[in-house]
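Please keep the sequence and the coordinates at hand while reading.

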Amino acid sequence: MSVLGHVASTRKAALYVIKIGSASLAHEGVFDEVAGLRARGARLLLVAGGAAGIARHYADIGRPVRTMRMRGGGEVRYCPPQEIPHIVAAYEQVTLPRVRNALAERGLGVFTAVAQTGALVSALANPPVRAELDGRVCVVRDHRAGTVCAVDVDCLNQLLEVFDVVCLSPPVADAAGGAALNVDADVLAAELANALDADHLRLVTGTAGLLTDPEDPASGIEHATRGEGQAYARGRMRQKVRAAEIALNGTADVAITGPHILSPASGTRFWRAPAPAADLSLLSRVVEISSISFDERELGEFLVDWCTEHGIHAEIDEVGNLVATRGSGPERLLMLGHLDTVPHRWPVHWDGDTLSGRGCVDAKGSLVAFLETLAEMDVPSHAQVRVIGAVEEENTARGAFFVRDHYPADAVIIGEPSGAEALTIGYYGLLKVRLSVAEPVGHTAGHGVVTAADRMVHVLSRLRDEIAATSPNAMMAVLGIHAVNAGHLQQGEAVFDVRVPQETPVENLVTLVRQVTEAVGVEVLRATPGVITPRTNALVKAFSRAFREMDTAPRFLAKKGSSDMNTLATTWQDVPMVAYGPGDAALDHTPGERLEAAEFRKARAVLARAVTSWVNERERTTP
């Protein structure tokens with residue numbers, strides 16, 4: 001099995017940290033959702049709430065649950081040292097077995113432990129507190145509660161590699177070596193999400209997220225930014241909101257969900273980067289939702305909800321693409337963007353009118369412009385305008401291949417950054433192959449010993465020379481190389497990438513690679529041709545008119561990269577295709593990825609004019 005995939009990367013599958021409240025643990029549906037996430041390939045770290053389990057265990061042993069009232073009015077469980085073993089027992093005998101058994105019934109391998117085990121999570125003890133205990137106000141010095149200070153990231157990542165689900169609960173270890181410390185389970189989940197660079201944090205509760213009126217279950221707040229939620233939080237919800245805001249210091253998308261479900265659709269999403277203006281809100285939120293390749297579902301479902309709210313028919317198709325459509329006429333315009341990004345690890349933020357964050361340029365800005373244009377336009381009866389957010393564009397192009405075979409169109413606008421004042425009319429093609437070799441193991445002190453790595457280096461060197469001689473303008477790169485001993489053989493593999501100029505048929509290079517590599521195994525991962533659309537085409541002319549209406553001189557680009565345009569071109573003949581979107585493509589895949597509000601707004605305006613122009617022109621030319 002390949003260790004390199006389509007690209008060499010240390011990035012693992014998307015990580016969900018999910019805190020499930022003790023009341024929600026009684027609902028089978030939440031475990032079905034967890035199993036569904038695992039079936040999609042996600043890594044799963046659960047944090048189990050313990051209130052119900054502790055109450056049950058204490059009742060079973062005939063021990064009262066002692067509480068104390070804090071100065072702010074909240075009531076918490078009193079945890080002197082002698083209570084800690086009983087709290088641990090409640091988790092180990094009631095709460096964690098419930099999780100383990102429910103997930104085992106669904107075929108999942110589960111590791112469960114209180115977080116003090118092996119110091120998986122450690123905390124510093126909180127100072128004494130003034131509280132009402134046993135009917136009198138006093139300074140409580142023996143309350144064993146703490147603030148998380150350390151997470152054993154390496155150990156947890158290893159557990160996540162071995163088990164389908166890892167489930168932790170309080171208490172946690174005392175960093176100073178004393179008795180274990182109790183911590184709030186929601187806060188524990190937030191700290192774990194930050195430490196492990198989680199993609200998604202879900203705090204599951206018994207209500208539809210945060211309510212403006214706790215007595216009205218229909219008063220849910222759909223969106224909240226830092227500081228807004230506490231104005232409405234009451235009781236236990238205060239800690240959930242606190243946890244959500246702690247998680248905003250990390251990179252996960254954050255939601256309080258419920259009642260007793262994981263989907264944020266009926267909960268409250270928390271945003272770390274509120275947009276500076278209302279017309280930038282969707283852009284900001286789309287960039288905040290993590291959607292690295294193979295983890296696009298959360299963003300797709302969020303956009304389906306947005307489309308539905310704006311009167312657009314939208315759905316997730318069988319491969320995970322977002323498909324939004326208006327109109328049913330015979331003249332079909334497709335705007336094809338992509339949901340996914342390459343991996344990232346820094347929080348989204350606004351600096352004045354500049355948005356920084358993975359995907360704002362490549363290519364969520366384009367996709368948002370497509371959707372907002374679709375929402376605002378009046379599609380005439382002779383036309384159909386469809387927006388698709390494809391999956392895996394940055395990796396396998398699976399979404400675009402499905403589009404190619406299932407969503408025919410008469411013209412295509414690809415969502416990729418061209419800059420608001422330019423139009424991309426062509427791309428180089430792409431050939432990506434995986435090479436594999438196997439050589440007998442021999443002692444390297446002997447003469448003539450050739451390792452698998454030697455053979456691979458030789459083959460790659462020959463490939464570069466032969467391709468350069470055949471196609472001088474081709475650009476080549478080794479995306480990854482790997483070799484290991486495996487018994488009596490040494491095995492090696494490499495992923496080799498060729499950017500193919502339009503004048504070179506990609507199938508000729510496939511043949512050349514197979515000839516040059518001889519006995520080396522060759523797996524073609526991608527072979528898409530170069531493509532270019534003439535400037536005289538009606539779609540290009542529609543953009544030219546739009547540029548002039550915006551007092552911009554048209555500029556046309558032919559890029560040496562590739563896009564989903566190339567994927568469609570493998571079978572679509574004589575279908576005009578261009579690429580357009582805001583942002584500087586030089587920032588793609590870099591820590592400096594950023595998008596100016598003015599750039600986004602201008603691209604929106606140009607796109608709206610170009611789409612309207614093409615649709616109107618097709619009406620005049622339709623028989």
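Contact here means heavy atoms within 4.5 Å. The model is predicted, and the values below are computed from it.

## Setting of H260

H260 lies in the loop that runs between strand 14 (253-257) and strand 15 (268-271). Although H260 belongs to a loop, its relative accessibility is 17%, and it therefore counts as buried, the cut-off for that class being under 20% relative accessible area.

When its neighbours within four places in sequence are left aside, H260 is in contact with A23, S24, H27, V30 and E33, and also with V204, T205 and G206.

How many disulfides does the model contain? A disulfide requires a pair of cysteine sulfur atoms within 2.5 Å, and by this rule the count comes to 0. C138 is in no disulfide, since the nearest cysteine sulfur, which belongs to C79, is 15 Å away; with a relative accessible area of 13%, C138 is buried.

C149 is likewise in no disulfide, and the nearest cysteine sulfur to it, that of C155, is 16 Å away. The relative accessible area of C149 is 42%, so this residue is classed as partly exposed.

Conventions. Residues are numbered from 1 along each chain as its sequence is written. This is a predicted model: local features need pLDDT of at least 70, side-chain atom pairs count only at pLDDT 80 or more; totals for chains, interfaces and linings use all residues. Side-chain values use heavy atoms; hydrogens and water are left out. Helices (H or I, at least four residues) and strands (E, at least two) are DSSP runs, numbered from the N terminus. Buried means under 20% relative accessible area, exposed over 50%, partly exposed in between (1.4 Å probe, protein chains only).
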